[in-house]
Amino acid sequence: MDDLIRILYNFKFTVFGVTLDSGNLVGSVQQLTNFSNVQNINIWSIGMTVNNVIIPIALSLLILFFMINLIKKSMEVERISWERVVMAFVSFLLLKYFIQNGYSFLSSIMNIVNDIFVSVTNVLSNGNSNIDIAETLIKAVPSGFVDKIMTYGLYLILFIPFMTTIVQILTQIFLRIVKLILCFAFAPIPIALAADDEGRGKAIQFFLFAASVGLEAVIIYIATNVYAIGLAGLSSTVSSTNAISTIVAMLFLNGMYLAVIQYGSQFAEKLTGGH
């Protein structure tokens, strides 16, 4: 039965070129949150491919909004001046440059945010990365025959809700990667909207939102460290607790881990002002 518990509660698989290992949860999450590593994921190229398709559309929108904005300025006869017209054309050229190089511009923002992430990971590095969930559960199995059978039965019953929570946690982490890809893919459009006076605020909000997606990595990593510390503490005290208490504690840690990650996006958006 011990081998069955190890099979059920230990997982290691590779998806999108990233290896996820329950025995090295902190390392697996760090691989998914470090921007330098994220760029090596095999689906990352989708962002650049779509970005190249969006650029001509964004340039067309830029011309459209520029003409509309220029017409608005020309209708304000008492306020029109050569300086305003020249500034409008300078703004047009700058926006055109940023549309064509929006991918690199957004990469620069993400690299700055990633420096914060790297600094946090260096400070929070701990020895709790190699936590074996299955072994922790096996240690909690009582010695009595009947109690042992009941405990293994409980582990089998609770396997589905336990792994459901783990899948939800990993899904949230991968969702952030998808959001990053979408930000890079469609970055030229909000830049084009900035050609209109009313659209500049939306463009700024977009880049603040992109920065908040980058900051989510820091929150996810902090949550992962808290989870690892919790599991390490549980593993060290498992001999003094019963199996039911151990599995309840694990479900609690999983639920808290998921809740913090889900809240992370909201907190990051509030922190940057992007929404």
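## A salt bridge, a patch and a helix

Mentor: Let's begin with a charged pair in this predicted model: Lys179 forms a salt bridge with Glu216, their closest N and O atoms being 2.8 Å apart.

Trainee: Happy to! How many residues apart in sequence are the parts that this pair ties together?

Mentor: Look at where each partner sits. Lys179 lies in helix α8 (residues 145-186), while Glu216 lies in helix α10 (residues 200-237). The pair therefore ties together parts whose separation in sequence is 37 residues.

Trainee: Does Glu216 count as buried or exposed?

Mentor: Buried means under 20% relative accessible area. Glu216 has a relative accessibility of 6%, so the residue counts as buried.

Trainee: Val226 belongs to a nonpolar surface patch of about 580 Å². Which element gives the most to the patch?

Mentor: The patch is made by Val123, Leu124, Ile222, Val226, Phe252, Met256 and Val260. Elements giving two or more residues to this patch are α6, α10 and α11 (243-272). With three residues, the one that gives the most is α11.

Trainee: And α6, what span does the helix reach from its first C-alpha to its last?

Mentor: Helix α6 covers residues 102-124, which makes 23 residues. At 1.5 Å a residue, 33 Å is expected, and the helix comes close to that. Its reach is 33 Å.

Terms used: Residues are numbered from 1 along each chain as its sequence is written. This is a predicted model: local features need pLDDT of at least 70, side-chain atom pairs count only at pLDDT 80 or more; totals for chains, interfaces and linings use all residues. Side-chain values use heavy atoms; hydrogens and water are left out. Helices (H or I, at least four residues) and strands (E, at least two) are DSSP runs, numbered from the N terminus. The expected span of a helix is 1.5 Å times one less than its number of residues. A salt bridge is a side-chain nitrogen of Lys or Arg within 4 Å of a carboxyl oxygen of Asp or Glu. Buried means under 20% relative accessible area, exposed over 50%, partly exposed in between (1.4 Å probe, protein chains only). Patches are made of residues with over 30% relative accessible area and no salt bridge: like charges are joined within 9 Å, nonpolar side chains (Val, Leu, Ile, Met, Phe, Trp, Tyr) within 5 Å. Accessible areas come from the Shrake-Rupley method with a 1.4 Å probe; for residues, only the protein chains shown count as cover.
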